Amino acid sequence: MKKKTVVESEMKKKKSNEKEEAPPPPSDHDDSDDDDSDDSVEVSDYDSISEDEDSSADSIDDDDSSDSDSDSKSELEDEEGASPTTHHNASDDSDSQDEEEDVVDSEGGSESSDLHQEGGGAESDSSEDEVAPRNTIGEVPLKWYEDEPHIGYDIKGKKIKKKEREDKLGSFLANVDDSKNWRKVFDEYNDEEVVLTKDEIKMVRKLMQNKAPHSDFDPHPDYVDWFKWDDAKHPLSNAPEPKRRFIPSKWEAKKVVQYVRGIRNGTITFDKPKKEDDSYLLWEDDSGLTEKANHLAYIPAPKQKLPGHDESYNPPLEYIPTQEEINSYQLMYEEDRPKFIPQRFTSMRSIPAYENAMKESFERCLDLYLCPRVRRKRLNIDPESLKPKLPNKKELKPYPITCYIEYKGHEGAVTSISIEASGQWMASGSSDGTVRVWEVETGRCLRQWEIGEAVNCVTWNPLSDIHIVAVSAGHDVLLLNTGLGDEEEQQRIKELLLIDSPEASDETGKKAPSVRWLKDDKHDGIRLRHLKNVTSVEWHRKGDYFSTVMPSLCLSTWHESSLTFDTFNDLLSSELLSSCDPPHFIFNVSLTYSLRESRSVLIHQLSKKLSQKLPFKLHGLAVRSTFHPSRSIFFICTKKTVRVFDLLKSKQIKKLDTGLKEASSIAVHPGGDNLIVGSKEGKLCWFDMDLSSKPYKVLKCHPKDINNVVFHRSYPLFASCSDDCTAYVFHGMVYSDLNKNPLIVPLEILRGHANSNGRGILDCKFHPRQPWLFTAGADKMIKLYCHQ
Amino acid sequence: MVAKHYRPAGKKKEGNAAKFVTRTQALKQLQISLPLFRKLCILKGVTPREPKKKFKGNDKTYYHVKDISFLHHEPLVEIHRAIRVHERKIKKAEAKKNVERANRLREKTPKPKIDRIIRQRYPRFVDALGELDDCLTMVHLFAAVPATESKKIDVELVHKCRRLAHEWQAFVSRTHKLRKTFVSVKGIYYQAEVEGQKITWLTPHSLQQVVSEDVDIPTMLNFLQLYEPLLCFVNFHLYHSINLKYPPMLDPRLEALAADIYALSRYLNGNTRPAILNSETSQLVESEQLESKQDGAQTQNEKSELRLAQLQHQLPSNEPGALMQLVEKVAGEGEEEYDQETRECKNLFRNVKIFLSREAPRESLLFVIPAFGGTVSWEGEGAPFAESDQSITHQIVDRESQGHRFLSREYVQPQWVFDCVNARIILPTDNYFVGRIPPPHLSPFVDYDEGAYVPEYAKTLKHLQAAARKEVLPLPGAEKDLEDPQNLLAEGIIDRAAANEAAEKKQKLMKQEQRFREELKKELKGETYTSAGSAVEKETSTAVIETGESTNNVQANTDDGAEMGKLLLSRRKRKLLEAMQISNERKKNKHDTIIKRKKKLDEAQNQRS
């Protein structure tokens, strides 16, 4: 029992060294086996140690420990000599290391042989002299002795004292100096340091590698067939050899064929060394390259914008926004916010990694493959060069430039003005219900009529010897005698304006029911009573005819044709009831209503006091009408089109498509082939009627409604006036050469009128002889712009 | 009622409907998945088109029919189908635990080849160079990206990108094709001119990039799949053009020292020497090559080896004898083949020997300085010459340190190099001394068109350039004395004096310029030009007040004129004009804010002084 514990203690010692599960420790026998060689090694080792340590201060201690070590060994061996366990160990050793542990555990093995015993005994005898008192406490927890001054008892029962411990520093210093330090192991059981021999270390190494610890142990011995020998009488098995041993394997053949096929087909290839790069001269000769014919034109991606100063790591100071500015960025819309805020770093090493690098690169990738590419012409031009080259304005003089006279007196917005043919007088109508006549050059108000209703339109007779003004106010058109001119002229005028009222009423009863010619006693003129509001009055150039437009009466023959007679009658009656006419009149109207006439535009003859409807079909709402300056042609401007009628042939010649939403005014060039149309969107269309039915030019000049457009009678000028309180004056030259397009040059913007109730300039007219422009504003003023 | 776009049966489609297909239609036609379609589009360079009439709605993407049929005949589609089949087989093998077969299959996965596509996309080499910008930027970015397994960024890929980038840089550096550099917050921009093509690329700062979450890495990898071989072929072509074997063999030791570019340039220099000058150098070169070949073979052992190499440089290596050899300038070598600008670039740093301290951005400086003919070394392993070398003229330092200072050299900040390069002259170093805040770093890509704001330092640089052009002749004589520190010092003083003079001149010039500008402004305002000059500034200002009313009128008139010009324009042109005016307005606003800030700054400075 005692012996066994000793062996195990040694085991423990080893285990504690290695701190790893190792196969069972080598038995002592091992030592004895390799005794000779080991001893010699040990001796030399010890010598070296002693030599080393003689010089050091602790040499004695070490010597002691080595002594004690050898002692312990000798003691062990000594004990082995007596015990059967060791022998059995020794015998086991020769067989296999693996069984050793079991054997150690099972005490009293039966296989012990004397021979071994003797050998062991002899050996242990030889070392018996060196036996020193050893610890005999047995396999008890060492913890029990922790607080005791001794570690245990020797064989004679004496206490073995604990050795003096060096303090940690000392031992460390000693260890540092000691080259054998790494071989030293502390044996707690015996309270001593043990220096492992070379062989022991070898063994430890082998254990660590999971090999058999003994160097002479052969883990793979040749197989010895114990069951076969030459003189054996019977075979081990009497079974006949199976057939498969004689024929080649079918499966193997199949596999081989599979491989062969695989290799032939190239599905199985043998691993070749990997090729790093398979780059080669790709563009060997691109000289003889022909452009690819079949493909679509390739548009290379645009290059990224190159960085400016603000992206620098150290930009000039003025590129860095202040903190306030950066804060103000937060108030901006996200898309307006600058994407990159310049920063400044004082040295290159302080530049941090740019956090959006990956993101920006990714965005670029997206652009590259998701954006449709379109080749756009990049206009790197001066914006001014886009504008057409206009002739010098000075060459186009004279034209109205500055305000010369203001005519004040009206108490409401001046809705309309008209200049007498000689250019000496001007008539104006206002929304306050008055019509005034002014002397142009002095600004004196000559005469004034109280109409009582807001005046829509005022027009002088175009003949210079007939001083009659046509005034439209509400449902009436008044023909007023201005009283100008000499007596002879006055006589003629009075004759003209003389009206036989009962006769007239008869006539209306028969023929012209929509208009009645009445004598107006109050103003000493003629009153033409219409069915609806009359917005404009236009004289024919000969001064005998004039046309009136009632835009609100939009009923036309087209309606009639689509409606039944009864419904039409009802409709008419309902409409006419509002105009307080006698009921018999209705019947007449319905009778005289022919299929091809329009009632919103009427033409009146002054000399015969006759009114007649236009014998034309009219689509849409009539806005304005005008006569051709030289021929018997009549223009009616509806909201979207301009219709041109020949009055003699009584048929439509042309239809001009304005493309506007709502036309508001029309003017014909004195030549007669060109006309302009102003619209409520502020657009001005110039038509060249010889050219096409589409506008030759559309000028978007006013932001608000155009109220009137007008041509000058002799100068190549035209003007437009609008609710935005401006009047534009243009140069509009029409050449007699048909191949030459009219020249249009904007000349001047005339300002000066004030806005009132959202309305600006309501009317504008040129002086018949001078290049002067009169404008009538909603601010109760009339202004005259002259060319100087 | 017949449908609006009714097409009778059997009649072919016409117009846009016949020419374009939507993306969904295209996918159906090609019978491929959307990711694959995207990939094909990226590789083949097929982009959506903008039909005049979007017949299926505005929210659709349209492709041209021809483009789609172009993709239809693409062998890549077949290869990708094969890859898919292969992946299925691998999956099956793995499910059956047949690891060997799975591995074999994995190795045999067909790999799409891009070379044909590259040739198709860029029929001429110049075409490829023309579109190299994005390629280079991307490759340089991925050279700095951390390899992450989860995002499928391979270590190999990153290494390859790094290698390609360095090869490109080495070529540019060797042939002195670099023209402009710009250190921005986003990274460093370089512009090179190769075969008449201006190629600009951005390299991130030598810090690792962060791969943010909102970036779709697979898309970028698709691009990289095209860019990587493209750059490879371009590099091959370029190396071939200067008679070099393409995949260059490098000294792995230098590579490990993160001085790949230096290793490459050494390789280039070593191998392009036309005739062997003396046996010694040739032997050296040979031995180097041998060595590098051996090492090259080693590097084939993939990542682990590379990692080891990288680890190596942390360990002190005891290898004696620096393999380094100075980048020797072979005088008069092929000088004629360079054009004027290249020659200028080549000789910029000819007599400058620069040493980089530890904190200086080594990688970019090692690229830039040799590109402009300079000699450069750095602190650390494998450097061609040590810090103590007496012939060093400049030392690049980014942080003020207490180390030994050599009187014979100037200690400057790295910005000096970049500014010199952009200005094409050797700038006086006073402003760039260590510890000072260097003058602003200006972008060389800005063209100052008329009326644009010109920073003050740009003007200074311009004057310096002008001065240098005049003094080109005396410079070479001065260079002989470079070795003598005393002379150098004296020279420095002279230089400084000259610089001061130049600065004074510049100030005078600027004053004159300002005066001229003011006068111009006055003229514009409609004032009569006073020949008395600017001495009567006060008078003129009062005149302005007096004539204020009239000028107002005049201004209104000019406005009218502008408006009148617009009247006659067609609507399209008018809109264009308005857009132009808006953009001009915006530009002007920007310009004005900068000027305002400048004014404020100047005022603040004046108050301080």
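A strand is a DSSP run of at least two residues marked E, and strands are numbered from the N terminus. Strand S15 of chain A, residues 536-539, is one such run, and Glu538(A) is found in it. The model is predicted.

- Glu538(A) has a relative accessibility of 24%. Buried means under 20% and exposed means over 50%, so Glu538(A) counts as partly exposed.
- Ala470(A) lies 68 residues from Glu538(A) along the chain, yet their C-alpha atoms are separated by 8.5 Å.

**Helix H9 of chain A**

- Helix H9 of chain A spans residues 198-208. Its buried residues are Glu200(A), Ile201(A), Met203(A), Val204(A) and Leu207(A).
- Looking down the axis of H9(A), these buried residues fall within an arc of 155°, so they line one face of the helix.
- Which exposed residues sit on the face of H9(A) turned away from its buried side? That face carries Lys198(A), Lys202(A) and Arg205(A).
- Just after H9(A) comes Asn210(A), with a positive phi of about 60°.

- Two packed helices are described by the angle between their axes and the distance between the axes.
- H12(A) brings Met358(A), Ser361(A), Phe362(A), Cys365(A), Leu368(A) and Tyr369(A) to the contact. H11(B) brings Ile217(B), Thr219(B), Met220(B), Phe223(B) and Tyr227(B).
- What classes of residue make this contact? There are 9 nonpolar residues, 2 polar ones and no charged ones.

**Chain B as a whole**

- Chain B contains 24 helices and 9 strands.
- Chain B has 609 residues, and 43% of them are buried.
- Take the contacts in chain B between residues at least 6 apart in sequence: 62% of these join residues at least 24 apart.
- The accessible surface of chain B is about 34500 Å². Carbon and sulfur atoms account for 51% of that surface.

Conventions. Residues are numbered from 1 along each chain as its sequence is written. Chains are lettered from A and ligands numbered from 1 in the order in which they are written. This is a predicted model: local features need pLDDT of at least 70, side-chain atom pairs count only at pLDDT 80 or more; totals for chains, interfaces and linings use all residues. Side-chain values use heavy atoms; hydrogens and water are left out. Contact means heavy atoms within 4.5 Å. Helices (H or I, at least four residues) and strands (E, at least two) are DSSP runs, numbered from the N terminus. Ala, Val, Leu, Ile, Met, Phe, Trp, Tyr, Cys and Pro count as nonpolar, Asp, Glu, Lys and Arg as charged, and the others, Gly among them, as polar. Buried means under 20% relative accessible area, exposed over 50%, partly exposed in between (1.4 Å probe, protein chains only). Accessible areas come from the Shrake-Rupley method with a 1.4 Å probe; for residues, only the protein chains shown count as cover. The arc is that of the directions from the helix axis to the C-beta atoms.
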